[in-house]
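Here is a short report on one protein chain. Have a look at the structure first.

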Amino acid sequence: MMLLQLLLSAAFIPLYTARVIGGQEATLGSRPYMAYVRIGSTGSCGGFLIQEDVVLTAAHCNCNLGNIYVYLGVQDFMKPGQNWQRIQARRWVQHPDFNNENFNNDIMLLKLWHSAELTEWVVPIPLPEANHHVSPGSECSVAGWGRTGVNTTTDRLQEAEQEVVADSLCKERYRHYDPTTMLCAGSPHTKKSAFQGDSGGPLVCDGVVQGIISNGDPGGQPPSIYTRISKFIPWISETLQKLS
């Protein structure tokens, strides 16, 4: 898939296209919360369902490219099926303090035109408690569609393990890293990475979504930076009340 990419600097890039490096194909139906977010005719991101009519994704995915459509229940884009649901976003709300230079507060809510039909293929994922701390060493995972390497592609949902690592590793690698709003994951000793791995997709730990794929090394070397969702639970709750 030819998806929009944006190189912000030599230090880091948004993980904007759907690539999971060093992973494998996800088991059929194992991630029913996954959302493929289509932005206009050329852009795309990942996302995840948090309630029947709301998808969470990254704020930098909003590039004013046109209407936003969410695809749910998708495993393989080459095999359209009755499990698919395509719903247009009615509204999208970026965090008001999102900074497109350092990617701080990289979080956005998509309010859908109507609720998704919840099935075994489409199920929301739980959010963490406010200010919950994910300890280094926690075993988590990421998922997305598309490229699995620089010259290899796939239309099947891919997944990869991601270990939460110490904030100091991201502080050393990325000068813009802020541990209060960002989460560092991906062991530098492995080649498993969310490299351009579907920005807006989820970092899932023990069945709870703890991070949003945000940005990382342009060469795909872990660790990568994720939005720390637990920091934004009050904003999410307040925004959902306004959208209801």
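## Basis of the model

This is a predicted model, in which local features need pLDDT of at least 70, side-chain atom pairs count only at pLDDT 80 or more, and totals for chains, interfaces and linings use all residues. Residues are numbered from 1 along each chain as its sequence is written, and side-chain values use heavy atoms, with hydrogens and water left out.

## The chain as a whole

The chain has 14 strands and 2 helices. These are DSSP runs, numbered from the N terminus: helices are H or I with at least four residues, strands are E with at least two. Of its 244 residues, 56% count as buried. Buried means under 20% relative accessible area, exposed means over 50%, and partly exposed lies in between (1.4 Å probe, protein chains only).

The accessible surface comes to about 10500 Å². Carbon and sulfur atoms hold 48% of this surface. Areas come from the Shrake-Rupley method with a 1.4 Å probe, and for residues only the protein chains shown count as cover. A contact means heavy atoms within 4.5 Å. Among contacts with a separation of 6 or more, 71% join residues 24 or more positions apart.

## Two nonpolar cores

A nonpolar core is a set of buried Ala, Val, Leu, Ile, Met, Phe, Trp, Tyr and Cys residues joined through side-chain atoms within 4.5 Å. The largest one has 49 residues, and F48, L56 and I236 touch the most other members. Elements that give it two or more residues include β4 (43-51), β7 (85-94), β13 (208-216) and α2 (233-243). Another core, of 11 residues, lies apart from it, with C140, L183, A185 and C205 among them.

What does L56 contact, leaving aside its neighbours within four places in sequence? Its partners include F48, I107, L127, I212 and I236.

## Pocket and cavity

Both spaces are found on a 1 Å grid over the protein atoms alone: a cavity is a set of points where a 1.4 Å probe fits but cannot get out, while a pocket is an open set with protein on both sides within 12 Å along at least five of seven lines. Lining residues have an atom within 4 Å of a point. Points are joined across faces, edges and corners, and a volume is the space filled by probe spheres set on them.

The largest pocket has a volume of about 170 Å³. Its lining includes E25, D76, K79, W84 and R156. By class, that lining has 3 nonpolar, 4 polar and 4 charged residues. Here Ala, Val, Leu, Ile, Met, Phe, Trp, Tyr, Cys and Pro count as nonpolar, Asp, Glu, Lys and Arg as charged, and the others, Gly among them, as polar.

The structure holds 1 cavity of 30 Å³ or more. The largest cavity has about 70 Å³ of space. M34, W145 and L157 are among its lining residues. Its lining has 6 nonpolar, 3 polar and 1 charged residues. G73, Q75 and W121 line the pocket and also the cavity.

## Backbone details

Most residues other than glycine have a negative phi, and most peptide bonds are trans. F103, not a glycine, has a positive phi of about 65°. F103 sits in the loop between β7 and β8 and is buried, at 3% relative accessibility. D206 also has a positive phi, of about 55°. D206 lies in the loop between β12 (202-205) and β13. Is D206 buried or exposed? D206 is exposed, at 79%.

The peptide bond from P222 to P223 is cis, with omega near 10°. P223 is in the loop between β13 and β14 (224-228).
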